Amino acid sequence: MNFRVEHDLHKRRFRRNLGLGLVLASFVVLLFGLTMVKVTTDDFTMQPTSEARD
Amino acid sequence: MSDASLNTVTSQTGEADFGDYFALLKPRVMTLVVFTALVGLLAAPVGVHPVVGFAAILFIAVGGGASGALNMWWDADIDRVMKRTRSRPIPAGRISADEAFAFGIALAGFAVVMLALATNLVAAALLAFTIFFYVVIYSMWLKRWTPQNIVIGGAAGAFPPMIGWAAATGSVSVESVLMFALIFMWTPPHFWALALFMRSDYENAGVPMLTVTHGRRVTRVHILVYTILLAALAVGTGFTAVGGPLYLAVALVLNALFLIGALRIWRRDEDAAEADGYAVEKRFFRLSLYYLFLHFGAIALEAALVPYGLGGW
């Protein structure tokens, strides 16, 4: 007898967690892409640090 | 897993799937938001980096989805009554109303902040106003109060091209207002045609659609009047910076067909409509979907042809 019966509820919970995981991973990739685009555009300037100002 | 623990788990209800949360975002409405926002972005005279453009469209879509979730939270009571909406996640019991509210508010805040960071404050402010307009002005206030709910509430669905344009340019201009006006004027005939053949649904839910409060004859007249105004606006847009020969040709054909459809609806009485199962009204509704898609498709095509010296005037 199989004691590890996978109820439909567990399947749904897994799909939900998997979906959320993929969404979060995609968001990380998107943020990385956005950051790269922002820092490589011509008009991007870093705020001078206090040491550099001195 | 023991039988006891299995029974405990089984007694819990409302375990939502990932798809249920996605359904809260009204994906079909979202496709219209994505498409029109993309056209607004493409038609803008300022180019944006593809990654920034993609992010902008995504956050506009998420913002639109968030307002959809908040609308489902507020309208859960009438969604339970209407045949068309009975299987949505909240009335079906898969997601609680409180959960949908939290989900909608969190996504709305996320989308507005991210759009501001990815593009500019004007686009983010427009998105925030769109969400506010759809949820508070339309869903909470107008929808259950006035038969003009669709007319004024339609503005919420008309903002996306304006937001797309603002994401690229950082401002609002005549062209983006014209794209807004095109969807704004298209919404009433589109929804009233739907209401003509879905009347009992709205009646049961107590939503004061024009068909319920003023009858079908008045609704037919309204469809014709709005279609005439829409046709003038749509063809007139062809002579502006977002238009061009291609757009004008598309607009002339589509508006002629749309006007013929509206005239047919206006000339019919209820006996004739019921006799053929509202065939003319259903055809007009289907045409209205192509109408918007092709108008905005033509605007996008005009913009895409500009680098080759072909698009626009």
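In the predicted model, B:Asp75 is buried, with a relative accessibility of 0%. The side chain of this aspartate meets that of B:Arg144 in a salt bridge, with an N to O distance of 2.9 Å. Because B:Asp75 lies in the loop between H4 and helix H5 (76–81) of chain B, and B:Arg144 in the loop between helix H7 (121–142) and helix H8 (149–158) of that chain, the pair ties together parts that are 69 residues apart in sequence. B:Arg144 counts as partly exposed, at 32% relative accessibility.

A salt bridge also joins B:Arg220 and B:Glu281, whose closest N and O atoms are 2.7 Å apart. This pair links distant parts of the chain, with B:Arg220 in helix H13 (residues 215–237) and B:Glu281 in helix H16 of chain B, 61 residues apart. Both B:Arg220 and B:Glu281 are buried.

Over all chains, a search of the whole structure finds twelve salt bridges. One pair crosses between chains, running from A:Arg15 in helix H1 of chain A to B:Asp17 in the loop between helix H1 (3–10) and H2 of chain B. The side chains of A:Arg15 and B:Asp17 meet at 2.9 Å, N to O. A:Arg15 is partly exposed, its relative accessible area being 39%, whereas B:Asp17 counts as buried at 17% relative accessibility.

Both chains also contribute to the second largest pocket, with a lining to which helix H1 (8–40) of chain A and helices H2 (18–24), H4 (50–74) and H6 (97–118) of chain B each supply at least two residues. The volume of this pocket is about 790 Å³. Its lining comprises 21 residues, of which A:Leu20, A:Val23, B:Phe18, B:Leu25 and B:Leu107 lie nearest the centre. H1(A) provides the largest share of the lining, eight residues. By class, 18 of the lining residues are nonpolar, two are polar and one is charged.

B:Gly311 is placed in the segment after helix H16 (279–305) of chain B. The relative accessible area of B:Gly311 is 16%, and this glycine is therefore buried, the cut-off being under 20%. Apart from its neighbours within four places in sequence, B:Gly311 is in contact with B:Glu302, B:Leu305 and B:Val306. B:Gly311 and B:Thr146 are 165 residues apart in sequence, and their C-alpha atoms are 42 Å apart in space.

Terms used
Residues numbered from 1 in each chain as written. Chains lettered and ligands numbered in written order. Predicted model: local features only at pLDDT ≥ 70, side-chain atom pairs only at ≥ 80, totals over all residues. Heavy atoms only, no water. 1 Å grid on protein atoms, 1.4 Å probe; cavity = no way out; pocket = protein on both sides within 12 Å on 5 of 7 lines; lining within 4 Å. Points joined across faces, edges and corners; volume = space filled by probe spheres on them. Helix = DSSP H or I, 4+ residues; strand = E, 2+ residues; numbered from the N terminus. Nonpolar A, V, L, I, M, F, W, Y, C, P; charged D, E, K, R; others polar. Buried < 20%, exposed > 50% of the residue type's maximum accessible area, 1.4 Å probe, protein only. Contact = heavy atoms within 4.5 Å. Salt bridge = Lys/Arg side-chain N within 4 Å of Asp/Glu carboxyl O.
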